[in-house]
Amino acid sequence: MCGIVGFAGKTDAVSVLLDGLEKLEYRGYDSAGVAVVSQDGRLQIKKSKGRLAVLREQLSKSEPIEGNIGISHTRWATHGEPNDINAHPHTGENGKIAVVHNGIIENYLEIKQFLINEGVTFYSDTDTEVIAQLLDYYYKQNSDITECVYKVLNRIRGAYALGIICSDCPDKLIAARKDAPLLIGYGENSNFIASDVTALLAYTRTVSYMDDNEVAVITPDSVTVYDADKNVIEKEKHTVEWDVSAAEKGGYRHFMLKEITEQPEAIAKTVNPRMKDGRICFEELAENPDFLKDVSKIYIIACGSAYHVGMVGKYTLEKLLKIPTEACLASEFRYCDPLVDENTLAIVISQSGETLDSMAAMREAKKRGAKVISLVNVIGSSIARESDIVLYTWAGPEIAVATTKAYSTQLVLLTMFAVYYSDILGIITESEYVSFMRELELLPSKVSEILKDTEKYQEAAARFFNHDSVFFIGRNLDYALGLEGSLKLKEISYIHSESYAAGELKHGTISLIEPGTLVVSLATYAPLIEKTASNVVEVQSRGAEVLTIATQSNAEKLKTKKENSFTVPDTDPLLQPNLGVIPLQLFAYYVALNRGCDIDKPRNLAKSVTVE
Ligand code: M6R
């Protein structure tokens, strides 16, 4: 989704802004732009449709734009098609003020009409131009730019992260936020804003996270943050631990492959600090012993792959806690009038911690009295800050749009939480607990074992990449896993694919199976292997090509061609999805590679979906 970088310093702003935008490219965008104010008070803007490289080329071909204060943006179109005109930054009629914006202004049409009636002429189709023109309108009446920003904020409705510069204030950058992420970076003789910390890692690790309705006035030497009533507030500063190389490709062809390969380490980072003397220890929960008391219902709320983690969690939590658990799509939960009370536990899962639907669903659950635990990767993100308790996955920055290591770490963290809670409730037996812990410790090395031999996945991908439709089938935890396998494949390879509970096939879907149809059968969930094996026979007898992912001990129960059968090591059944997902990620990756797709930045997709 859109990215913002702003700079207030004493050196060239353009290079810092472009460099920052480059780090945000992974978020997905269709146009980019930059605006700077020169020392002699000229506002200069360059923007263009397409990738950052196009903007760079334009900048190199034209008169250089220079200034030490600037804002920049990568746009993911919502209002108005992707083109040069709709790209940000936007300006008002008098060309003094420039604005970049993430989010959506809901009442933009009403304000636009008001300004048109006042004689303002609009040039773009965007909601953002309304902010720039309204600022301009107020600025004509009162040339205190910060005052004008407040007036605009009081008038607009919706979500926004804003970066604003004005040619009359060549040392000032203004930022504002509501329901869209924005952080402030503190450097030496320079300060920054960004929608995502990765944009700033090369310059600073000291950041503070803006909260809703805050306005920041930033110069090279100072940062002053105000609340909605214009009171100055002290912001807490945080040190970002992620290192720069973690957000770089490091010799890999794609971030996705790098992140797949990083999974053993990422899982170890999630697990190891929480294992103490053979027990699972969540300090965050130990400090609040009453938090998990009297829970009578659990909702797991998330989107996309995080929702698929929730689907695994539904089976695991119900089994281990005996508490009714539902996995809910955040976009549905927020509008379904959910039955939530103070004995409800909402578990919100999100890599970015900024997914708007997940955040809104979390707020809805909270409003109705639920206690909220979030599982989040990005430290200090909105969901992390607003939940009652946050359990971080500590997977490090994930850049590829298709999640891999974040999914795996969410999965293991949720499973650990289930076992921890089950132990508190006295449900899991000591021998089950001990055996789980033994396997938990071995998990990173078992993931590494699968990753050692990627050739077979490359070969399978070479055989199947031309298929135009793929079905995934499995039961129980394997069904939940199939959902993720199917999403991985479709989002990066653009092959149509669906995942079904294997037992559901004969209730309709089997009519789509014809000679040559590819069916990926997941058979890692031991208790239901025989049932899954019969489903495999059913589709094979209708001519389907079956590719299986099974545990070593179950592999021979499935009668599939040797070259089409992948095995993963056996582990505790609760952890089996953590191994089963690796072949699915690799298969999707190599299929997409064979098809020549833009793997890290699939079409139409964004890494962090901060609009509804
Ligand atoms: O940042 P989040 O975990 O909240 O994101 C949720 C989904 O948008 C995300 O998992 C998406 O489905 C991925 N592209 C899947 O690979």
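Student: Leaving aside neighbours within four places in sequence, Lys371 is in contact with Asp290, Phe291, Lys293, Glu342, Thr344, Leu345, Ala346 and Asp388. Is Lys371 buried or exposed?

Tutor: Bear in mind that we're looking at a predicted model. Lys371 lies in strand S21, which covers residues 371–376. The cut-off for buried is under 20% relative accessible area. Lys371 has 16% relative accessibility, so this lysine counts as buried.

Student: How far apart are the C-alpha atoms of Lys371 and Glu342?

Tutor: Glu342 is among the contacts of Lys371. The two are 29 residues apart along the chain, and their C-alpha atoms are separated by 6.9 Å.

Student: Which residues have the most contacts inside the largest nonpolar core?

Tutor: The largest nonpolar core has 124 residues. The ones with the most contacts inside it are Leu345, Ile347, Ile373 and Phe417.

Student: On to helices. How are H13 and H14 oriented relative to each other, roughly parallel or roughly antiparallel?

Tutor: The axes of H13 (residues 405–425) and H14 (residues 430–452) come within 12 Å and cross at roughly 160 degrees. Angles over 145 count as roughly antiparallel. H13 and H14 are therefore roughly antiparallel.

Student: How many nonpolar, polar and charged residues does the contact of H13 with H14 have?

Tutor: H13 passes H14 in a left-handed crossing. On the H13 side there are Val412, Thr415, Met416, Val419 and Asp423, and they meet Tyr433, Phe436, Leu440 and Leu443 of H14. By class, that comes to 7 nonpolar, 1 polar and 1 charged.

Student: What about H15 and H18: why do they count as oblique?

Tutor: H15 spans residues 455–464, H18 spans residues 576–594, and they pack at an angle of about 50 degrees with axes 8 Å apart. That angle makes H15 oblique to H18. For reference, the roughly parallel class stops under 35 degrees and roughly perpendicular runs from 65 to 115, so what lies between them counts as oblique.

Student: Is the crossing of H3 and H4 left-handed or right-handed?

Tutor: H3 (residues 108–117) and H4 (residues 128–141) pack at about 40 degrees, their axes 10 Å apart. That's why they're oblique to each other. Their crossing is left-handed.

Student: Which residues of H4 take part in that contact?

Tutor: From H3 come Tyr108, Ile111, Lys112, Phe114 and Leu115. The residues of the contact divide into 7 nonpolar, 1 polar and 1 charged. The H4 residues are Val130, Gln133, Leu134 and Tyr137.

Student: Back to single residues. What is the relative accessible area of Thr532?

Tutor: Thr532 is found in helix H17, residues 529–540. Leaving aside neighbours within four places in sequence, it is in contact with Arg475, Ser521, Leu522 and Ala523. Thr532 is buried, with a relative accessible area of 2%.

Student: Lys235 lies in a loop between S14 and S15. Is Lys235 buried or exposed?

Tutor: Beyond its neighbours within four places in sequence, Lys235 is in contact with Tyr186, Ser208, Tyr209, Met210, Asp211, Glu214 and Val225. The C-alpha atoms of Lys235 and Val225 are separated by 7.4 Å, with the two 10 residues apart along the chain. At 16% relative accessibility, Lys235 counts as buried.

Student: And Glu81, buried or exposed?

Tutor: Glu81 sits in the loop between strands S4 (69–75) and S5 (90–91). Leaving aside neighbours within four places in sequence, Glu81 is in contact with Arg75 and Asn86. With a relative accessible area of 53%, Glu81 is exposed.

Key: Residues are numbered from 1 along each chain as its sequence is written. This is a predicted model: local features need pLDDT of at least 70, side-chain atom pairs count only at pLDDT 80 or more; totals for chains, interfaces and linings use all residues. Side-chain values use heavy atoms; hydrogens and water are left out. A nonpolar core is a set of buried Ala, Val, Leu, Ile, Met, Phe, Trp, Tyr and Cys residues joined through side-chain atoms within 4.5 Å. Buried means under 20% relative accessible area, exposed over 50%, partly exposed in between (1.4 Å probe, protein chains only). Axes are lines fitted to C-alpha atoms, for helices over the stretch in contact, and angles run from 0 to 180 degrees between N-to-C directions. Helices (H or I, at least four residues) and strands (E, at least two) are DSSP runs, numbered from the N terminus. A crossing is left-handed if the near helix is turned anticlockwise from the far one by less than a right angle, and right-handed if clockwise. Contact means heavy atoms within 4.5 Å. Ala, Val, Leu, Ile, Met, Phe, Trp, Tyr, Cys and Pro count as nonpolar, Asp, Glu, Lys and Arg as charged, and the others, Gly among them, as polar.
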